[in-house]
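The stops below go from backbone details to a helix pair and then to a pocket.

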Amino acid sequence: MKATSIDAPVIAEKELICDVLVVGMGFAGPVAALRAAEQGAKVIVIDKQARGWWTPGGIMLIHAELHLAFRQLDAPEAELTKGLNECTDRMIPPDLLDVTVRNAGRALKWLQENGAEFTGIRFKPQGPNRVWGRIKPGGIYDLKDTGVKKLTVNMESKIKEKDGRILYETKAIRFLTNVRGEVIGLMARDKDGQFNIKAKSVILCTGGYEQNNEMMVKYIGPRGDEIVRYVGPWGTGDGFKMCEEIGAAMRSMNHAAFSHYYSSDSYWKEDVLGAYLDDVAANGIIVNRDGHRFVDESLGPRIVGPIMTKTSIYKTGWIIIDHAIYSLPGVKPKVEDVREFGGTIHTGETIEEVAKKAGIGPRLALTIREFNKAAGEEKTAELEVPRTTKVNQISTGPFYAIPFVPGIVATYGGVLVDRNAQVLDLDKKPIPGLYAAGLSMVGSMCGGTENSAGAYVGFQAVARIFALLAGESVVKR
């Protein structure tokens, strides 16, 4: 690709014109584009990546379920409202909460009409595993054969059937606006240089900022650039930068989906990604390098992750279990996933031996004795760091110490939208011609609260609901 700057001359003869320009072919873009095309709009879609495993529809790596607060989209509206409020501590703007639950069932039906099949909340067929070493291209469970990918490829075909144009390897550079501040398209760049795409409306579906280290530190915390990110290469925050340039309002930018614990080797051995250690930690204990428990393991990764990342104290933790815990049905497979793909697991016949191998301070033995005493007497409140759920004694060798780091699957911040998916400015007024769906606007819904649910409401469902709304709103404009 030729190197060009934002100020490079525009290729005038290549200027394109359409009714609706959709930016991004992840999991919101195809919905927005197809819905607009169904209503007769002339649609162009661009994505900075080449067509392939990640596009269209790379969200399959992160998620293969469609739910709102773990409820099916066709559940009663009152039930959906209750679940969404519980997950976000009632921090969703009321108008967005209302439009979400009112359109959830309709969005589900539309997806089914376009080829989606479900078993409960899970897309059918469903990938049987999430470890990257098994699901990557050519892996034994290559996700190109799963329901999410097949659905998105089907929508891609339908967009083209309706004379929509899809331009891969085409990067959005900045919005084009007129003297009234209306968005009238954007400047883009492909292998030949920069050019303009004029449009009556633009729908932003560009994803989050997971791969932008500067933004991760700015918004997530001093360790933000060091945590594991189990995502594809697309999330560099391009859309947010463009939105900031024209004065769009942002919400919950300091929040991310701290969904799992990962082997600390995930930094260097990507195959081990997806070998989640959540259940291992929930049944054992978490300690720091000195051998101290520094957190209630019952809180789970959605709270422990931010504690570790935003304090700058604990880059790495160690999960400590004994053989009895290792043998539990929900624990052994996870430990063996890590082992199979080259992750570090220290073992020893005594606590002292495993501490020495793992580089953990001698305080670990005392920590475990105190913990076991509390477990036997069910007096966890007397621990220096109380625990709120069941305690398993750690007393049967061999013992295991697994270094881990917190990780995310998505950032939750985004532009603020109204109930029509239209982007709002800093005065909370709609920016004419600009709409958003997907991770570009999920901050409008997730609230940014750090509770056991992590404000996780099911961002794939939110993305598809607001993509549907955006694809309809632009045509009504």
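Helices (H or I, at least four residues) and strands (E, at least two) are DSSP runs, numbered from the N terminus. With that numbering, select Pro 398, which sits in the loop between α13 (363-377) and β15 (399-408). The peptide bond that joins Gly 397 to Pro 398 is cis, with omega about 0 degrees.

This is a predicted model: local features need pLDDT of at least 70, side-chain atom pairs count only at pLDDT 80 or more, and totals for chains, interfaces and linings use all residues. Residues are numbered from 1 along each chain as its sequence is written, and side-chain values use heavy atoms, with hydrogens and water left out.

Next, select Lys 124 and Pro 125. A cis peptide bond joins Lys 124 and Pro 125, with omega about -5 degrees. Pro 125 belongs to the loop between β4 (122-123) and α4 (132-135).

Now turn to positive phi values. Arg 90, in the loop between α2 (77-88) and α3 (94-113), is a residue other than glycine with phi near 60 degrees. Glu 169, in the loop between β5 (165-167) and β6 (171-177), is also not a glycine and has phi near 55 degrees. For accessibility, buried means under 20% relative accessible area, exposed over 50%, and partly exposed in between (1.4 Å probe, protein chains only). Arg 90 is exposed at 64%, whereas Glu 169 is partly exposed at 45%.

Select α3 and α15 (residues 459-476). At what angle do α3 and α15 pack? The angle is about 90 degrees, and the axes are 8 Å apart; axes are lines fitted to C-alpha atoms, for helices over the stretch in contact, and angles run from 0 to 180 degrees between N-to-C directions. α3 and α15 are therefore roughly perpendicular, a term for angles of 65 to 115 degrees. Contact (heavy atoms within 4.5 Å) involves residues including Trp 110 and Leu 111 of α3 and Phe 466 and Leu 469 of α15.

Last, show the second largest pocket, which holds about 170 Å³ of space. On a 1 Å grid over the protein atoms alone, a pocket is an open set of points where a 1.4 Å probe fits, with protein on both sides within 12 Å along at least five of seven lines; lining residues have an atom within 4 Å of a point. Grid points are joined across faces, edges and corners, and the volume is the space filled by probe spheres set on the points. Among the lining residues are Asp 225, Arg 229, Tyr 267, Trp 268 and Glu 270.

Conventions:
Parallel < 35°, antiparallel > 145°, perpendicular 65-115°, else oblique.
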